Amino acid sequence: MSELAPRRRLVAVAQCTATSDPQHNFEVTRDLVRQAKACKAEMVFLPEAFDFIAASSQESVVLAESIDGPRMSSYLDLARENRIWLSLGGFHEKVAGKELVYNTHLIVDENGRIVSKYSKTHLFDVEIKGKVSLKESNYTAPGTAIVPPVDTPVGKIGLGICYDMRFPEFSLSLVKQGAEILTYPSAFTVATGLAHWEVLLRARAIESQCYVVAAAQTGKHNDKRQSYGHSMVVDPWGCV
């Protein structure tokens with residue numbers, strides 16, 4: 001008897017333009033998740049800062065909530081109501097007792113339970129004269145550890161966030177721990193995205209021999225911030 005071929009798994013990779021209005025952003029996300037469910041996706045990957053993109057570091061700290069707060073509860077309910085897994089890449093998690101946030105990636109199962117949590121270790125501080133100036137470390141505390149890959153219906157997922165993709169040792173560490181899919185939810189700037197976005201993602205896929213999933217913010221968030229977009233999935237051969 002011939003062996004049955006493994007069933008193909010369907011994922012949805014979201015792209016959105018977050019603003020400083022968390023409720024509006026949730027409503028956009030809710031619609032995207034419902035569309036993904038209607039298409040029979042088993043998991044939805046959301047970009048970095050899916051909850052909001054503020055106009056200043058001070059506003060980011062003010063708007064941030066704890067993971068136990070009502071904002072995250074809404075996203076957990078969304079997963080439960082739609083019976084779908086979510087990759088929530090880049091939640092602004094308030095740091096207790098400090099005027100800082102963690103940039104936190106969470107994996108949520110179809111029952112609305114958080115099954116993995118990673119806080120971004122490589123913070124994005126860049127100054128390109130006349131193009132972009134952004135210093136994430138002004139308001140973000142770095143994470144302290146790479147977390148083990150987590151089992152999901154679509155494969156074993158290694159969690160990263162945006163700037164982490166520039167560090168090959170990071171992805172190779174996840175592969176050594178059994179990752180089959182690497183995730184880099186992002187809010188890439190236009191200047192760096194035009195230069196490096198696709199080539200970095202393809203490089204991480206080829207060297208690791210993993211699939212790479214990169215959900216991205218796109219468009220103009222406010223007068224100071226614009227994202228490159230171009231959400232993509234890359235296979236182990238480096239094909240988009």
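Trainee: Through how many residues does a hairpin join strand 9 to strand 10?

Mentor: This is a predicted model, in which local features need pLDDT of at least 70, side-chain atom pairs count only at pLDDT 80 or more, and totals for chains, interfaces and linings use all residues. Residues are numbered from 1 along each chain as its sequence is written, and side-chain values use heavy atoms, with hydrogens and water left out. Strands (E, at least two residues) and helices (H or I, at least four) are DSSP runs numbered from the N terminus. Between strand 9 and strand 10, the hairpin has a link of 2 residues.

Trainee: Which residue in strand 10 is the bridge partner of Thr 152?

Mentor: Two strands pair if DSSP finds at least two bridges between them. Strand 9 (residues 150-152) and strand 10 have 3 bridges and are antiparallel. Thr 152 is bridged to Gly 155.

Trainee: Why is strand 10 largely enclosed by the rest of the structure?

Mentor: Buried means under 20% relative accessible area, exposed over 50%, and partly exposed in between, with a 1.4 Å probe and protein chains only. Strand 10 is largely enclosed because, of its 5 residues, the number buried is 4.

Trainee: Leaving aside neighbours within four places in sequence, which residues is Leu 201 in contact with?

Mentor: Contact means heavy atoms within 4.5 Å. With sequence neighbours within four places left out, Leu 201 has as its partners Met 165, Tyr 184, Val 212, Ala 214, Met 232 and Val 234.

Trainee: How far from Cys 162 is the nearest cysteine sulfur?

Mentor: A disulfide is a pair of cysteine sulfur atoms within 2.5 Å, and the count by this rule is 0. Cys 162 is buried at 6% relative accessibility. Its nearest cysteine sulfur is that of Cys 16, at 13 Å.

Trainee: What angle lies between the planes of Phe 50 and Tyr 75?

Mentor: Rings of Phe, Tyr and Trp (its six-membered ring) pair if their centres lie within 6.5 Å; planes under 30 degrees apart are stacked, over 60 edge-to-face, and the rest tilted. There are 6 aromatic pairs by this rule. Phe 50, in the loop between strand 3 and helix 2 (57-63), and Tyr 75, in helix 3 (residues 70-82), are 25 residues apart. Their pair is edge-to-face, with 4.9 Å centre to centre and a plane angle of 80°.

Trainee: In the hairpin of strand 5 and strand 6, which residue takes a positive phi?

Mentor: Strand 5 (residues 101-108) and strand 6 (residues 114-119) are antiparallel, with 5 bridges. Val 108 is opposite Ile 114. Among the 5 residues between the strands, the one with a positive phi, near 75°, is Gly 112.
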